[in-house]
Amino acid sequence: MKKYFRELSVAGALGILLIVLAILAPSFYSPQPLLSLAARASVSLVVALGMALVIIAREIDISVGSMFAVCSVCAGLFAAMHWPLALVIVASILVGAVFGAFNGALVAGLGLPSIVVTLATMVTWQEGLRWLRQGEFVNLPDGMQWFGFSQRLGQWTLVIGSIALLLLLALAMKHLSIGRFIYAVGSDAEVARLSGIPPRFTTFLIFVFMGALVGLAAIMNIVQSPQVDPQSGNGLELKVIAAVVVGGVSISGGRGNLWGVFAGLLLLACISPALTHLHIEAYWEKAIQGVIILLAVVAEGLRSRKALDHG
Amino acid sequence: MNAKQPTWKKNLFRHEAILLVVLIAEWIFFDVIGRNFGTYDNSCDILRHSCEIGLLALAMTPIILTGGIDLSVGSLLGLCAILFGKFWRDAHLPIPVAALCTLGVGALAGGLNAALITRLRLPPLIVTLGTFSLFRGLAEAITRGVDTFTNFPNSFLFLGQERWLGIPAQAPIFIGAVIFFWLLVHQTTFGRTFRALGFAPEGVRFAGVPVERRIAMTYVLAGIISAIAAIIYTARLGQAKADAGNGYELYAITAVVLGGTSIFGGTGSVHGTLLGVAAIAVLQSGIVHALQPSEMAGMLTGALLILALTSSVLPKMISGLRARKSALKLSKPIA
Amino acid sequence: MKRFLSYFCSLAVAASMIGCGKNSEAPAAGGNQTSKPSGKKLTVALLPKSKGNAYFISCQKGAQKAAGELGDELIFDGPTGTDPAKQNEIVENWITLGVDVIAAACENKEGISTALRKAQSKGIKVITYDADALPDARSFFVNQATPQGIGYTLMDQAAQLCSSNAEFAIITASLTAANQQEWQKYIEEDRAKNYPNMKMVAVKPCDDLKDKAQSETTALLSTYPNLKLVMAICSPGVPGAAEAVKQAGKTGQVKVIGLGLPNENKIYVHGGVTQAVVLWNTMDLGYLTVQAADALARGTLKPGDASFKAGSQTYEIQGDNIMLGKPFVFTKDNIDQFDF
């Protein structure tokens, strides 16, 4: 119970918000809009899962927003060229993985600090894409939306798919050795290396995986509408890092679990619709987001202080 | 590099020296390729455009040297800009008083960061990520997103737009800040602890240095500098809006890292930061004068950053490879 | 360290000497330059509000056509991010670059006027298009539709589509966007004057992101069950809002109108989700802007003129506004005729 205090407190905060909404704005719970909200949140969840792994490994990746935009546009262009859907999905994941590998090579291979490497790649891909696309939407062919399913089935597919991914990854992190490697590398890379874990290879893999998840998320996003906006993904890195941190993953690595990230993401994703339903002006959104992040960080600090005192 | 190498050769291969060469090469390149690039007017403009970012980068240098980071400086610039406008327009304070109040706000905001980071021992990256949202959010909430402050008196706008004794009016402030930070970081014992803090904070603590106070000071200083930058920005633009300074923090971090300061702390210099700011500013101006799209400036900056990082790592890698090669040679059986 | 400093200083001095030696080849050294002899190639600098915006790209197409016809050089560049100071910096760079005329779409009216006045003082002609600066900072404004015209057209369209006491919501770009703020002012003015029983329940920003417009609209639809119309006054917002209405199953029950590009909205207009898209011919806007810019620099367009001929069409000038015409309403019947 104590061990999971952080994650439970986030879940608690989320619970309080949901109760407030139930009392003051029950219209929040109408099924169709809620499903649409969940479908949109599933996209961010997939990226947040990857980011959680990156941060647990004591790195960071702020280029996910730009990678997302590039993958979305590539996937859209492949689809517009009438590639079969399965191929488009695989291609998008591969494109993401390649970009992730580039980040990984620089961070793990050359030992460069991940915040600066991903800052550089973020700016480069973002500007490059803007130059090439000049804001033009990509029109998707018919039958692409919702994977060709009906809207409800498509949305449920996205939601269930992302939760299944969450389950899989949570189990993998707990039971597979790669999971333990990641925690080890995040806690202390040198000790990990001495224990026979390859820290650089693990780090490289994490970035590749992050890229692949971004590619997957891009597909999940573009099937939700008939056009691809090259600006999509703007601000994604901020949203996702905030969700991961609010969810209890420590920025100094080695600690945290994916369920907390799930709760953190839901909490942050609900702020904007909650403001609308509670008739609060839109310009409070950023301030509230900032306060939530700070509260989470303070809670994290208090927790680690307590652990230090007791341990 | 062994100690027997002459000093000039050692200096030549330092990061800052290479960056200086790159900067000069950039300048000459754009002078040749671009139209009217190398003129005095344009040089003044380059200075004017990079003044605020330069200030933020200068303030960021001690923070990064100690191993911290501050993502909130750009948002704080926006918040200070609108508060400055509000003090002047709605509270009817004269400009100098409004400016002083703004500096106070900057110090307070920096103090918030400092308190969370040093008192509660929270990681700077996330604290400043939170204040990054919070400050911008406050700016948007105070102005309800729509309010903007204009029609400042000409005597104020002079600061951002005109020339004083032939140089841009904000230049003396910037030069003053450069001298201040250079002295602080490189010449005072105070400042020398910054680098030590980046290397080994515990060691510094054992040496009896008040670690928390030093680190707190860097963040408060950053807050005050953000406020100064906000005032200059408002004078330059003639307008204060909630989205002022959007994206400036990343720009500042890029300049600092480009200048050779390690993001982990411990190594770096103020003159390196200055060169980093100059390199990016020259690039941006040069791209426009060379009639190339501005996106190119962004892409080249990203590429330049990666090259700079790689080049700082390369000597270590090469010597590492060399060491391994000689170790292999030694370990070969003789017969 | 000392050695390094001395390098630095000597190189800095050398660099500035090179700089000072090359003082301006800018064409307008004096402030009272009148006109260039016709036949000389002019440099026209076109500033959009931001790059990577399909609206301004379509203006650019028209602009390039005009520049080609006139034999001028066209520079098209703009901010790629959201920093308000970027437009000023680009204009100031163009001043030192030495362009002949600047045509600017202004993101921040007062802010950009600072830089435009500086350009005028160096003899560079300035006109604005799409979004005006302060009147003393430019010679003419190529007005595609007055903010009042845009606001009123939107509100009138909304009223036509709904009952007299309907609720509607607005999706705007970002809360700080100056153009949108002005349009909202006139929408409200028209509503208060002519449709006082219609109620505007919320204004939500979408930060120019289609996906965000979609999620904001979804939330609005469930918060306000009596919502009858969504008005999206930024171009990525129109398809975003339409998609949200479609996904909520409220096609036809909740109307969608907005300011957007025809190509992005064709599927929704044909699907009956979006009833009306208000705009103007952006290519004509770009074309007229460059034609006017060129004429201004050459002196054939002067303050006090009552009309201006660009290409084969003559445009009316009201005061210092060159009028493109009225806002155009794209509907199911005519949207296919346009490709931008």
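How many bridges join strand β9 of chain C to strand β10 of chain C? I found four, between residues 255-259 and residues 274-279, and the two strands run parallel. (Strands are DSSP runs of E of at least two residues, helices runs of H or I of at least four, numbered from the N terminus; strands pair if DSSP finds at least two bridges between them.)

I noted that this is a predicted model: local features need pLDDT of at least 70, side-chain atom pairs count only at pLDDT 80 or more, and totals for chains, interfaces and linings use all residues. Residues are numbered from 1 along each chain as its sequence is written, with chains lettered from A and ligands numbered from 1 in the order written.

I then looked up the whole sheet. Six strands of chain C form an open, mixed sheet in the order β7-β6-β8-β9-β10-β14. Its edge strands are β7 (199-205) and β14 (328-330) of chain C.

Next I turned to chain A. Helix α2 (31-56) and helix α11 (258-277) of chain A have axes that come within 10 Å and cross at roughly 140°.

(Contact means C-beta atoms, placed from the backbone, within 7 Å.)

Last, I checked the contact of chain A with chain C. It takes 28 residues from chain A and 31 residues from chain C. α2(A) gives the largest share of chain A's side, five residues.

Methods. Axes fitted to C-alpha atoms, helices over the stretch in contact; angles between N-to-C directions. Contact = placed C-beta atoms within 7 Å.
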